[in-house]
Amino acid sequence: MTPLATVTSHIAERSRQERRKATAPWLLMLPALVIVLIFFGLPTLYMVRMSFNLHVDQRLYVPGFTFEHYVNLFSNPLFTTAILTTIKLALVASLATVFIGYCFALLVWLKPARWRLMFIGLALAPLLISEIAIIFGWWMFFPKNGLLSYALIASGLIRDKVSLMYTEFAAFVGLVYVTLPYCFFILLSIFDGIDKRLLEASADLGATPFKTFREVMLPLTWTGILVAFSQSFIWTMGTYATPSALGPDTLWTMGFLIQEQMLGKHNWPMASAFAVVLVAGVAAVMVVTRSLQTERNSFHV
Amino acid sequence: MTAEPALELRNALRRFGSVVAVNDVSLHVGKGEFVTLLGPSGSGKTSTLRLIGGFEELDGGAILLNGQRIDHLPAYQRDTATIFQSGALFPHKTVAENVAFGLRMRKVPKDEITRRIAEALDIVRLKGFEARYPAQLSGGQKQRVALARSLAVRPAVLLFDEPLSALDLSLRLQLRAEIKRLHDELKFTAIYVTHDQGEAMAMSSRVAVMNSGAIEQIDTPETVFHAPVSEFVYTFIGESCCLPLRITATGVEDRKGETLGLTLGERPGEGECRIYVRPSRLRLTGDAAALPNRLRARIHFIEFLGDVYRYHLKAGALELAADHAGPIGYAVGDVIDIGWRNEDARVFR
Amino acid sequence: MSEAQTAMPPRSVEPLLLKALALAFTVFIIGYILVPILVTVVMSFNDAAMIRFPIAVWSTKWYADFFGSAQWTDALKNSILIAFGTAAISTTAGVLCAWAFQRFHIPFRDGWYILIMMPLFMPGVVLGLGVAIAFGGLTIGDYAIYGSRELVMVAHSLWAMPLVFMLMEATFKTVDYRIVEASYDLGGGPVRTFFEVVLPMVSTGIVSSLLFAFVISLNEFVMALFLTDRDTQTLPVLMWLSLRSAGTPRLAVASVILALTVFACLTIIMLWYVRQLRKVAR
């Protein structure tokens, strides 16, 4: 080959390689992108568009443009109650989950290593079980003929059968159960980044356990608490199965309404409007939490 | 003794399952004394310190601080302050807030707190560092803040948990001198834990050499160095050469049974024994000739240690090391005379 | 020095109180987590059709009933098939994507990252709704997409794939790239190197990803509720639909079977992992 030919073929080879290098990452990302863009991005856009469509008689939807569904959402007391109920339930459940999760994680962190594995296995259990199985488990615990009633009577604490089924409390218990593992693991990983000697140093200088908690643990775990809370809140905002199965029939959550509008009333635009509002709420919570997190989470030297 | 000891341990016992970490330890520490607990890892020195601080519970015995029993009090009710190995400074608090912590817990009034913080930081030579965070400090500075934090509280006893182990050599020597200076100036009572004998010797009024949960000897540094009571203490403090021998009716043999050309000034009784000599006390070649204990050995290799040359020698199964200020004019492979005085050797069975 | 015993200071109450609280909490948390599990297992062996305590007669008849019912075993089959599909799809997509992020420069990297993670933060209802609306009524030739198992697999991958991605991203970071470079140096091309050198090094991560995806898909039922029909319904969906009508131990059995499937997977993973460890240790 002449020198010129060698050089040109070399340049051609290099540019071929460069092209390959440039396209390689996109090829690798292709399956993931297909999934996300076509099965998530597209449906989301479609859903937003759908929420402005009309709904006339029995047809699923009629193309058009209207705000009526959003207006309906915020004016119909049935729906506004549902929104408030969802928020209230999510708030209370999240607070409880974070509190219980914090105590649980603290317990596991402070206990010697041989207990840790057992507790982690325990905390994993609700994650490995389907939500429906969890619902069903509590379904057999709360009613009149359930385990709770039986145990209370058998131990002599009460005389008549009692039912806590279809109460807000039952829904609350179920919700906390499902989100507890997430809170636990988030908080435990935060705790593991803290030097236990700090607790000893605090006590050594005269701080009672309560003071140590307030002065040392709380500031150092604050971001963890926020993250766990927001995770839990976001999840419980979107839930519908547990509250609808375990709670009273009047306990309507947004998730339940979406399901009802979609599968029950076949009102696609309405269902979409609900979904959009729900997602907007979730996004708002995420933004607020992010802004509350200070830069002080770089303390784990 | 008319004065009450500042700190007293009576038959302290601490078990971890089947292991006895602190085995019947008794200790009197006078006010202003600087006592070091020295020993290898597993000797129980750290456990003893933690028992005093209240981070571990006594399984038996008692601990008294200024005459009062404290062993049933939790750590936050004891008048002790600990300086930890890693400093254990609160990362989310400034230097000033760290130092103020103990004072706030003791409900010291605000202006007094400010005064004491300034005083403490001044003493450890960190004036002006009040607003810094631990992440912005070097290792040495962190330990000085830890010192200031514990000093500010003016505890009955200061507990040091190997505070210099994590630092590099020059920093260690620097801070060691600092702590000694502070002790001379402030005269606090201290229990210091370390495995570094240099630290122990340099800083303490008394050294307690610990082994397997018990104190083998507690004396001034000079006494421990020159008059160790047990084989463990002798070998732990300073460097030593060990000569395992068997004394028979006919002569001196090494453990393998080979007879050695070893002349001993004072002959120990028959049987097996170990003779110890320190490398600095071994005399070589000409200097050795007049000494009562002599041995001929071959030079195995030579180490240059800066201040001295260390000659590693072999005689039969025996291995020795002898230090000499300059080269002796012999090379590896040569056979030379070594000697030592009777008072430089210790015999243990 | 007088040998008189020095008076003991009063014992502090606080540490004891804390210890008691800790114990009480431990009992509470163990009880709280175990209650629904134990209740389900116990009830699955109940002979009576009613769910009622105390249990009068014990039997395994409901297990026989479960395996004898075509509807329920079909549901189980669907669940497992879909779970396998989800595991395959999401692991492949996640692994490749994580590798791309690790080794290549990607413009607007953070943006793509957020996009891939976004489905994780969406409630299952919303994802299910979106897919159902977008693909409802769509057909490729004779094959109706809506109601097909494949659609559910992809929908489940919306949650599983980001998780695999996160896990593999962390795993790839632990790979010693000098080994990869050694492979290139010895003449292995990028594709060869990936399959022969990189994948084996991250095999634990991959197996964990497969497991994650499988479990998530197996247990998921909100999205599945929206996207399956009578033929393709999964076991959790069937359980949900039967909740108010078939309140019998049959549901308890279904729960137990579902959980056992998960544990079977876990055990396989554990055994595989132990075998891997032994290989390295030798």
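Two residues are in contact if their C-beta atoms, placed from the backbone, lie within 7 Å. By that rule, among contacts in chain C between residues at least 6 apart in sequence, 74% join residues at least 24 apart. This is a predicted model, in which local features need pLDDT of at least 70, side-chain atom pairs count only at pLDDT 80 or more, and totals for chains, interfaces and linings use all residues. Residues are numbered from 1 along each chain as its sequence is written, while chains are lettered from A and ligands numbered from 1 in the order in which they are written.

**Chain C overall**

- Chain C holds 12 helices and 2 strands. Helices (H or I, at least four residues) and strands (E, at least two) are DSSP runs, numbered from the N terminus.
- Read from the N terminus, its elements run α-α-α-α-α-β-β-α-α-α-α-α-α-α.
- The radius of gyration of chain C is 26 Å, well over the 19 Å from the globule rule for 282 residues, so chain C is more spread out than a compact globule. The radius is taken over C-alpha atoms, and the rule is 2.2 Å times the number of residues to the power 0.38.
- The C-alpha trace of chain C spans about 90 × 65 × 40 Å along its principal axes.
- Of the 282 residues in chain C, 38% are buried. A residue is buried if 20 or more other C-beta atoms lie within 10 Å of its own, exposed if 12 or fewer, and partly exposed in between; these C-beta atoms are placed from the backbone.

**Helix α9 of chain C**

- Helix α9 covers residues 203–219 of chain C; at 1.5 Å a residue its 17 residues should span 24 Å, and its end C-alpha atoms are 24 Å apart, which agrees. The expected span is 1.5 Å times one less than the number of residues.
- Buried residues of α9(C) include G205(C), S209(C), F212(C), F214(C) and N219(C).

**Where the chains meet**

- The contact between chains C and A takes 61 residues from chain C and 57 residues from chain A.
- On the chain C side, helix α1 (residues 14–44) gives the largest share, 14 residues.
- By class, that side of chain C has 50 nonpolar, 9 polar and 2 charged residues. Ala, Val, Leu, Ile, Met, Phe, Trp, Tyr, Cys and Pro count as nonpolar, Asp, Glu, Lys and Arg as charged, and the others, Gly among them, as polar.
- Chain A also touches chain B: 18 residues of chain A are in contact with 20 residues of chain B.
- α8 (197–204) and α9 (209–238) of chain A each supply at least two residues of the chain A side. α8(A) gives the most, with 6 residues.
- That side of chain A divides into 10 nonpolar, 2 polar and 6 charged residues.

**The six-stranded sheet of chain B**

- In chain B, 6 strands form an open sheet in the order β6-β7-β8-β3-β9-β10, with mixed pairing. Two strands pair if DSSP finds at least two bridges between them.
- Its edge strands are β6 (80–83) and β10 (214–219), and each pairs on one side only.
- Neighbouring strands of this sheet are turned by 20° against each other on average, direction ignored. The axes are lines fitted to C-alpha atoms, for helices over the stretch in contact, and angles run from 0 to 180 degrees between N-to-C directions.
- Strands β3 (residues 34–38) and β8 (residues 190–194) of chain B run parallel, joined by 5 bridges. V35(B) has I191(B) as its bridge partner, and L37(B) has V193(B).
- Strand β7 (residues 157–161) of chain B also runs parallel to β8(B), with 4 bridges. Here D161(B) is partnered with V193(B).
- In β8(B), 5 of the 5 residues are buried, so the strand is largely enclosed by the rest of the structure.
- Both faces of β8(B) are covered: A190(B), Y192(B) and T194(B) are buried on one side, I191(B) and V193(B) on the other.

**Other strands of chain B**

- A separate entry is the open sheet of 4 strands in the order β2-β1-β4-β5 of chain B, with antiparallel pairing. Its edge strands are β2 (19–29) and β5 (68–69).
- β4 (residues 60–65) and β5(B) share 2 bridges, and L65(B) is partnered with Q68(B).
- Strand β11 (residues 241–247) of chain B runs antiparallel to β14 (residues 271–277), with 7 bridges. P244(B) pairs with R274(B).
- β11(B) and β12(B) form a hairpin with 4 residues between them. L245(B) stands opposite D254(B) in β12(B).
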